[in-house]
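Please keep the sequence and the model in view while reading.

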Amino acid sequence: MARASRRPGSAPANSENTRLIALLDQFAGPGQGQRFLARVLDTADNTPAIAREIARSAAFQRLYKEARTADIAGRAQDHGDAAFIDIPALDHNQPFEAQFREHFRPRLGKRADGFGMLFATLASRHPRPLIIETGCLRMPGNWEGDGQSTFMFDAFVRGGGGHFISIDALPESIDTARRACSSAANLICNDSVAGLYALSQLLAAPAALIYLDSYDLDVDDPLPSAVHHVLELAAVRPLIGSGTLVCVDDYAVGGQQGGKGMIVDKFFSSIRAQVLYSGYQRLWSVP
Ligand SMILES: C[S@@+](CC[C@H](N)C(=O)[O-])C[C@H]1O[C@@H](n2cnc3c(N)ncnc32)[C@H](O)[C@@H]1O
């Protein structure tokens, strides 16, 4: 059957097209539907390229945000999502110590002993701890690579009480952590130095644990990461009191000592902080 001829750049008017144009107007903005339908019908432009152009429009962004953010009442999660981080469902009546022994520790590789010491010390000294972390869970299930610390801190306070705050500059990392953790985890999307400084002005009690694991370490050029982590320490200083535990991840990497904690360590050795653990991570107790 011959197709009706039409002016290039305008889709023929019929009731089906009118509905398609109205639909495309929703995605691409008022008055844009006709133009996009004509491009699909009249040109050889590939459809993924057209779809990407629509996805960049202000109308699409607005529609996406509306659809993703409406009706979220009652979204608080009682438990973390174990399947999301690649472990079997947890028994939520099991104490944290048993969860750590059975599910977390065997997956932690080079961080197993460091986290073992950290959680044992936390449990014995700080029954309802305030835990503050920089750099949150960005890759679900990456136990050996990153550690999944955010999930474990969430599990610790979810079961035993206390408060947990984690700060990350990237919405993508915050999104992953939000999906993995329960509502016991409070996630802040901001640069860690700015976020820690704000917390230090707002909170009164010293923290039980500060876990520093943000700015990635480049083993060939460790200084930028080491400087960032000492800036974090400066920003959070008012929340560090006697007995506060401070732990830095990626401390001994590739046979070199220091890593993310190279300058933090100089400060702590100057004030004679007790080193409770030194390995892939380094853990201090503040005098
Ligand atoms: C190594 S990952 C953290 C891993 C996490 N602690 C875990 O165990 O799964 C580092 C994270 O730090 C974040 N980051 C890097 N620079 C930052 C900064 N200046 N402020 C806040 N977060 C930062 C990155 O977005 C990334 O998500």
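Which residues are buried in helix α9 (residues 192–202)?

The model discussed here is a predicted one. In helix α9, which spans residues 192–202, the buried residues are S192, V193, G195 and L196. They lie on the same side of α9, because the arc they cover around the axis is only 165°.

On the face of α9 that is turned away from its buried side, Q201 and L202 are exposed.

## The surroundings of the ligand

The ligand is surrounded by 21 residues, and the closest are G135, G147, S149, S173 and S192. S192 is also one of the buried residues of α9. Helix α7 (149–160) and strand β2 (163–168) each contribute at least two residues to the shell around the ligand.

## Two pairs of helices

Two packed helices are described by the angle between their axes and the distance between the axes. For helix α1 (residues 15–28) and helix α4 (residues 58–69), the axes come within 6 Å and cross at roughly 85°. The two helices are therefore roughly perpendicular, as angles of 65 to 115 degrees are classed in this way. In this pair, Q26, F27 and A28 of α1 meet A59, F60 and L63 of α4. The residues of the contact of α1 with α4 divide into 5 nonpolar, 1 polar and no charged.

How do the axes of helix α2 (residues 33–42) and helix α3 (residues 47–55) cross? Their crossing angle is roughly 170°, and the axes come within 11 Å. Helix α2 is therefore roughly antiparallel to α3, since angles over 145 degrees are classed in this way. F36, R39 and V40 of α2 make this contact with T47, I50 and I54 of α3. The residues of the contact of α2 with α3 comprise 4 nonpolar, 1 polar and 1 charged.

## Two residues with positive phi

Most residues other than glycine have a negative phi. Q148 is not a glycine, yet its phi is positive, near 60°. Q148 is placed in the loop between β1 and α7. Is Q148 buried or exposed? Q148 is buried, because 27 other C-beta atoms lie within 10 Å and the cut-off for a buried residue is 20 or more.

R272, which is not a glycine either, has a positive phi of about 55°. Its location is the loop between α11 (262–270) and β8 (274–278). R272 counts as exposed because it has 8 C-beta neighbours inside 10 Å, and the cut-off for an exposed residue is 12 or fewer.

## The setting of V253

V253 belongs to strand β6 (residues 252–253). With 16 other C-beta atoms within 10 Å, V253 is partly exposed. When its neighbours within four places in sequence are left aside, V253 is in contact with L217, V219 and G259.

How far apart in space are V253 and K266? From C-alpha to C-alpha, V253 and K266 are 17 Å apart, while in sequence they are 13 residues apart.

Key:
Residues numbered from 1 in each chain as written. Predicted model: local features only at pLDDT ≥ 70, side-chain atom pairs only at ≥ 80, totals over all residues. Axes fitted to C-alpha atoms, helices over the stretch in contact; angles between N-to-C directions. Helix = DSSP H or I, 4+ residues; strand = E, 2+ residues; numbered from the N terminus. Parallel < 35°, antiparallel > 145°, perpendicular 65-115°, else oblique. Contact = placed C-beta atoms within 7 Å. Nonpolar A, V, L, I, M, F, W, Y, C, P; charged D, E, K, R; others polar. Near = placed C-beta within 6 Å. Arc of directions from axis to C-beta.
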